[in-house]
Amino acid sequence: MTTVGIIAEYNPLHNGHVHHFTESKRLSGADSSIVIMSGPFTQRGEPAAVSKQARTEMALRMGADLVIELPVTYAVGPAEWFAFGAVALLEATGVVDSLCFGSEAGTLGLLLPLARYLAEESSELQSEIRRRMALGASFPAAYSAAAAVAFEGTHRNEESPGDAGALLRQPNNSLGLHYLIALQRLNSKIQPLTVPRTAAGFHDPLQAGSSIASATAIRKLLQEGGSPAPYMPEYSVSILEREHAAGRGPLELEHFRGPLRHLLSTRTAAELRTIQDMNEGLENRILRLLPEMEQFSISGLLQALKSKRYTHTRLQRLLLHILLNHTKEEMTPSVLAEGPGYIRILGFRESGRVLLKQMKQKATLPIVTRPSLCAHPQLERDLQAASVFSGAFREPLRTDMYRDFLEPPVMV
């Protein structure tokens with residue numbers, strides 16, 4: 001029995017995800033699949049449209065056998081740590097043979113040698129990143145440009161495999177590269193595979209006549225009150241409609257305006273300075289801006305803070321760290337490099353029971369199906385994040401706020 005691993009947010013699960021899932025099974029020849037999925041909040045610093053349980057149900061109805069939660073300390077991190085946490089979980093299961101991700105490149109031809117080079121973190125690379133950031137570039141832009149320059153410089157005398165710079169400017173290539181780097185650093189035997197991203201790009205708007213749209217475009221459509229039915233499988237649409245009718249979404253960052261405004265109003269600059277990603281006096285800028293805003297909004301605050309150095313995504317993640325009280329101390333590189341401390345099962349099909357049985361013999365981390373029986377700092381943050389997320393529902397109930405404790409994993 002062979003198993004393919006997939007890393008996803010399914011925010012929400014759409015036809016493009018179904019294509020990727022189908023191709024992952026075909027390319028890998030795997031009998032079963034495990035999905036590592038973000039919980040309530042996502043890598044771009046936003047709340048998921050609907051709960052992790054609803055999105056787990058979507059994944060299981062698509063055909064995934066087992067869904068595992070990526071701890072929130074990795075799920076809302078930059079690409080490097082998002083990828084590392086997810087790949088480390090796949091490795092820790094002890095049952096995953098391959099990892100398949102989507103990419104604009106559609107091939108590992110340049111991504112693999114680039115990953116092998118970057119996994120070493122040469123002093124030349126670090127120096128070039130610092131130089132570019134000193135000139136005002138954001139970290140993602142500095143990293144991509146420095147990586148391309150350093151790689152192409154060391155491979156100048158070899159047959160050119162392609163343009164590393166152009167490759168890294170595409171978001172799915174960049175994230176896929178970090179998956180490959182994580183595999184290298186973990187000395188993993190998991191085989192990487194990639195599926196070409198088709199039809200809709202990461203930020204592409206809806207395209208007439210196409211059944212595939214980006215998750216970003218679908219979320220925008222939901223915010224505008226439109227129907228996503230042409231771009232999503234029926235079961236995903238049905239689950240979305242159920243959650244909407246119950247007042248459990250779709251959520252967006254602005255739904256957390258009240259709690260965030262309260263936190264910013266009751267913390268000093270010194271207190272804010274302890275928050276993850278709060279660097280270079282950003283806490284002072286935020287506190288200066290608050291009295292100047294005629295009406296507080298998260299979008300307005302982001303617009304006022306945005307600069308060449310601080311991207312919209314990075315600032316959104318910063319606001320999430322404030323909302324969730326993520327401190328620098330608990331998210332240092334050395335702490336994150338230790339990897340997740342458990343395997344939290346969000347849901348499984350009947351076929352997933354076989355995987356769970358194998359994992360009980362082979363997994364290198366404890367398997368958690370009942371959070372009340374596991375004590376770990378990362379899990380505490382996961383449970384807190386779920387409670388904060390459900391607090392933005394129309395009329396949050398006890399069963400929403402403490403669902404992690406009250407319900408077993410999702411089963412279909």
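User: Is Phe389 buried or exposed, and what is its relative accessible area?

Analyst: Happy to start there. This is a predicted model. Buried means under 20% relative accessible area, and Phe389, with 3%, is therefore buried.

User: Which residue forms an aromatic pair with Phe389 and is edge-to-face at 5.7 Å centre to centre?

Analyst: A pair of aromatic rings is described by the distance of the centres and the angle of the planes. Here the partner is Phe393, with 85° between the planes. Both Phe389 and Phe393 are buried.

User: How do I read the pair of Phe41 and Phe389?

Analyst: In the same terms: the centres are 5.9 Å apart and the planes stand at 90°, an edge-to-face arrangement. Phe41 sits in the loop between E2 and H2 while Phe389 belongs to helix H19 (residues 377-390), so their pairing ties together parts 348 residues apart in sequence. Phe41 is buried too, at 0% relative accessible area.

User: Which residues form one aromatic cluster?

Analyst: Phe41, Phe256, Phe389 and Phe393 do.

User: Now a helix, please. Which residues of H1 are buried?

Analyst: An α-helix has 3.6 residues a turn, so residues three or four places apart point the same way. In H1, the buried residues include Gly16, His17, His20, Phe21 and Ser24. The buried residues of H1 pack against E1, strand E2, helix H2, strand E4 and strand E5.

User: Where does Glu9 lie, and what does its side chain reach at 2.8 Å?

Analyst: Glu9 is in the loop between strand E1 and helix H1. Its side chain reaches the backbone nitrogen of Gln43. With 21% relative accessibility, Glu9 counts as partly exposed.

Methods: Residues numbered from 1 in each chain as written. Predicted model: local features only at pLDDT ≥ 70, side-chain atom pairs only at ≥ 80, totals over all residues. Heavy atoms only, no water. Helix = DSSP H or I, 4+ residues; strand = E, 2+ residues; numbered from the N terminus. Buried < 20%, exposed > 50% of the residue type's maximum accessible area, 1.4 Å probe, protein only. Polar contact = N/O pair within 3.5 Å; in protein donor to acceptor, adjacent residues only side chain to side chain. Contact = heavy atoms within 4.5 Å. Phe/Tyr/Trp six-rings, centres within 6.5 Å; stacked < 30°, edge-to-face > 60°.
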